[in-house]
Amino acid sequence: MSDKKKMTRKQKGSTQSEGSGNVLGESGIYDAKVLGVPKVMILGIQHMFAMFGATILVPMLTGLDISTTLLFAGLGTLLFHLLTRGKVPVFLGSSFAFLGGYAVMAPMQDAATGAAIDNSSLLPYACFGVACSGLLYLLLALLIKLFGTSRVMKFFPPIVTGPIIIAIGLTLSSSAIGNCSDDWLIALVAIALVIVCNIWGKGMVKIVPIIIGVCGSYLLAAVLGRADFSPVAEASWVGFPIHWERTAFWALSDGNTNLLVNSIITIMPIALATMVEHIGDISAISSTVGKNYIKEPGLHRTLLGDGLATILASLFGAPANTTYGENTGVLSLTKVFDPLVIRVAAGFAILLSFCPKFAAVIGCMPKGTVGGVSLVLYGMISAVGVRNIVETKCDFSKSRNVIIAALILVLSIGIKYSAAEGISFMVGDVPIMLSGLAVGALVGIGLNAVLPGKDYVFDEEKPDHTGVNFAVKGN
């Protein structure tokens, strides 16, 4: 065969790889066509397991239904992929950012006595406020579509998004440590399995470390009698995951205008922080995969997908959806970037949402297992933020950059771990609470906008290996 024919076939193969989302990782090219159906199914299950711990934790902390949460995590992910042309390997899971809003509108405990409260009649009102917050995503997506990505991205250079990504991982770390503390033996087994499989594993073992970590540590906990399976025996095999009395539609039919208005005022401002988190997550995914998703399919499309998924989930009684850092961590570990794998995970989540017994099995997962796997993944998120800063060559000899990064990190982490866990203030008679991440992000964006000496210009036409190209002025 001639060299010309060899080159032609090689070029065709390269083009086909790029079109199907292939990427050359350290262990080779991984995508659906290369891996085959059985391995893609396993990888999809791994992504599902990666999001489970955090996704089901939100309904556990708020009183929302686990099965409903799984259903709309899956449906929201598929809606996101539809609107982003199936190009971005993102899974949408439950957002932690709105926990403060749920706590204000539908508390599970009495603030004075600590006694448990039945908040089931208040949750639909909180869900209505979350659904309204999704409208802000649609507004920002429209502005980007009308005025262009560059005009928006100038407010989010790597000196802002890098520390925000780092803070996302670090602020989540306390939940990982808390879960690990429940059973350090199980947690350490999960961590060890993930590390050993990823570093020394061969073939499929190397690219499914999360499943091995979860299953191995869960099995050990069961053998040692450290897992309580009584809820599994009580759960039915089949059940419908949507309950009318838990939906925002029920709140609208109930007609308590005061609660509806208070929910909007209390919860909608949280979207200012979650939209910044979205941009940070898309930047992290772009950096991990090495593709500029902010340019193609476009930040307006990713915001539209996230916003509509949040509106859909909240209207039917599920938590707000958000781009999931846990699954970005899985992408970084496995080097499998094909979005098809994420859609497979979404399909499994939808299927399993109709099985209360399976939801019970997940609910019985030992905290040590969740904590061990989460500890690795949350650390990977922060590491991606560090990489973003390093590879875009942020100049820390400039005082403005040091100040911006310092305040984002200190405010985000400091407020998170303060006694109040947020900054509270009143708007009329309604209490508003901003999380540490929200405060840090807003301060960082504001300082970057007003301080002189901006040294980055967003270039959406020439993405580099970080996925989001910011060119240093004068270089």
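A residue is called buried under 20% relative accessible area, exposed over 50% and partly exposed in between, with a 1.4 Å probe and protein chains only. This is a predicted model, in which local features need pLDDT of at least 70 and side-chain atom pairs count only at pLDDT 80 or more, while totals for chains, interfaces and linings use all residues. Residues are numbered from 1 along each chain as its sequence is written, and side-chain values use heavy atoms, with hydrogens and water left out.

Phenylalanine 249 counts as partly exposed because its relative accessibility is 30%. Rings of Phe, Tyr and Trp (its six-membered ring) pair if their centres lie within 6.5 Å, and planes under 30 degrees apart count as stacked, over 60 as edge-to-face and the rest as tilted.

| Stacked pair | Centre to centre | Between the planes |
|---|---|---|
| Tyrosine 218 and phenylalanine 229 | 6.0 Å | 10 degrees |
| Tryptophan 244 and phenylalanine 249 | 6.4 Å | 5 degrees |

Tyrosine 218 is buried, since its relative accessible area is 13%, whereas phenylalanine 229, with 36%, is partly exposed. One aromatic cluster is formed by Phe72, Trp244, Phe249 and Phe316.

A nonpolar core is a set of buried Ala, Val, Leu, Ile, Met, Phe, Trp, Tyr and Cys residues joined through side-chain atoms within 4.5 Å. In the largest one, which has 48 residues, Leu303 is one of those that touch the most other members. Leaving aside neighbours within four places in sequence, leucine 303 is in contact (heavy atoms within 4.5 Å) with Tyr137, Leu140, Ala141, Ile144 and His278.
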